[in-house]
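Take a moment with the sequence and the model below. The paragraphs after them go from the overall layout to single side chains.

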Amino acid sequence: MFAGDQNGLQGDPRLKAISEAIRVVPHFPKPGIMFQDITTLLLDHTAFKDTVDIFVDRYRDMGISVVAGVEARGFMFGPSIALAIGAKFVPLRKPRKLPGEVISESYVLEYGKDCLEMHVGAVQPGERALVIDDLVATGGTLSAAIRLLERAGAHVVECACVVGLREVKGQHGLNGKPLYILVEPRQQINCSAPSVNGVETCRHDDLILGASFSSPLNPTSKSD
């Protein structure tokens with residue numbers, strides 16, 4: 001589900017501003033990738049606050065007690081959301097980053113495997129959880145996060161991302177969990193756009209439909 005498809009958020013100017021605050025960096029970290037750089041969104045106080053506020057408005061009355069952030073960019077939004085809705089923040093980290101006893105869940109990428117870990121005891125059976133990340137492409141990482149939380153006995157209410165494709169190729173792997181996305185990735189760039197706090201940005205006013213990319217460049221930097 002896209003935020004802009006919701007009653008009350010259709011045509012909301014905050015969504016356009018959030019999209020425009022995200023810098024598009026071509027050919028990073030490798031040729032053919034259109035990197036959706038959310039660090040410029042963090043530099044824009046208004047757009048950053050609007051991003052958090054939209055998530056908070058959605059989740060404040062859902063009885064969520066756990067906000068689980070996926071390393072690393074899920075850490076940038078998850079704690080603020082958790083504080084605002086009265087939930088705890090649980091980091092889901094890459095291997096060997098957590099000092100205590102952990103449970104882990106592997107997932108397959110386009111070229112290899114990766115793993116998420118969570119501290120044992122961070123989540124209690126029956127808790128209602130939200131999974132937050134910055135971007136979703138195919139859903140592999142979110143699927144691993146769901147499995148990890150469910151193994152601890154949590155009920156995953158929803159997954160939420162700032163940027164995502166309208167047709168997430170791996171959505172069938174989310175175990176039927178709903179997916180909430182604010183904006184779609186942008187592909188065309190305009191490097192004459194004004195800078196944000198001195199950082200050059202490449203922007204485009206239109207959002208790109210996930211099923212209609214005409215360029216050989218991929219829209220995101222993730223293969224999950």
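What follows is a short walk through the fold, the sheet and the aromatic residues.

Start with the whole chain. This is a predicted model. The protein has five helices and nine strands. Along the sequence they come in the pattern α-β-β-α-α-β-α-β-β-β-β-α-β-β. Of the 224 residues, 50% are buried. The protein exposes about 10,200 Å². Carbon and sulfur atoms supply 52% of that area. Contacts also reach across the sequence. Among those between residues at least 6 apart, 63% join residues at least 24 apart.

Now turn to the sheet. In general, strands of a sheet pair through backbone hydrogen bonds, either parallel or antiparallel. Which arrangement is found in the five-strand sheet here? The pairing is parallel, and the sheet is open, with the order β4-β3-β7-β8-β9. Strands β4 (88-92) and β9 are the edges, because each pairs on one side only. From one strand to the next, the twist averages 25 degrees.

Look inside the sheet at β7 (residues 128-136) and β8 (residues 155-164). These two strands run parallel and are joined by eight bridges. Leu 130 stands opposite Glu 158 in β8. Helix α5 (residues 140-151) packs on the sheet. This helix touches β3 (66-70), β4, β7, β8 and β9. Its direction makes about 165 degrees with that of β7.

Next come the aromatic rings. The structure holds five aromatic pairs. One of them joins Phe 28 and Phe 35. Their ring centres are 5.1 Å apart and their planes meet at 90 degrees, so the pair is edge-to-face. The two residues differ in cover. Phe 28 has 43% relative accessibility, so it counts as partly exposed. Phe 35 has 13%, so it counts as buried.

Another pair is Phe 55 with Tyr 180. Here the centres lie 6.3 Å apart and the planes are at 70 degrees, so this pair is edge-to-face. The pair links distant parts of the chain. Phe 55 belongs to helix α3 (residues 45-59), Tyr 180 to strand β9 (residues 179-183), and 125 residues separate them.

Are these two residues buried or exposed? Phe 55 is buried, because its relative accessible area is 0%. Tyr 180 is at 1%, so it is buried. Together with Tyr 59, they form one aromatic cluster.

Notes:
Residues are numbered from 1 along each chain as its sequence is written. This is a predicted model: local features need pLDDT of at least 70, side-chain atom pairs count only at pLDDT 80 or more; totals for chains, interfaces and linings use all residues. Side-chain values use heavy atoms; hydrogens and water are left out. Helices (H or I, at least four residues) and strands (E, at least two) are DSSP runs, numbered from the N terminus. Buried means under 20% relative accessible area, exposed over 50%, partly exposed in between (1.4 Å probe, protein chains only). Contact means heavy atoms within 4.5 Å. Accessible areas come from the Shrake-Rupley method with a 1.4 Å probe; for residues, only the protein chains shown count as cover. Rings of Phe, Tyr and Trp (its six-membered ring) pair if their centres lie within 6.5 Å; planes under 30 degrees apart count as stacked, over 60 as edge-to-face and the rest as tilted. Axes are lines fitted to C-alpha atoms, for helices over the stretch in contact, and angles run from 0 to 180 degrees between N-to-C directions.
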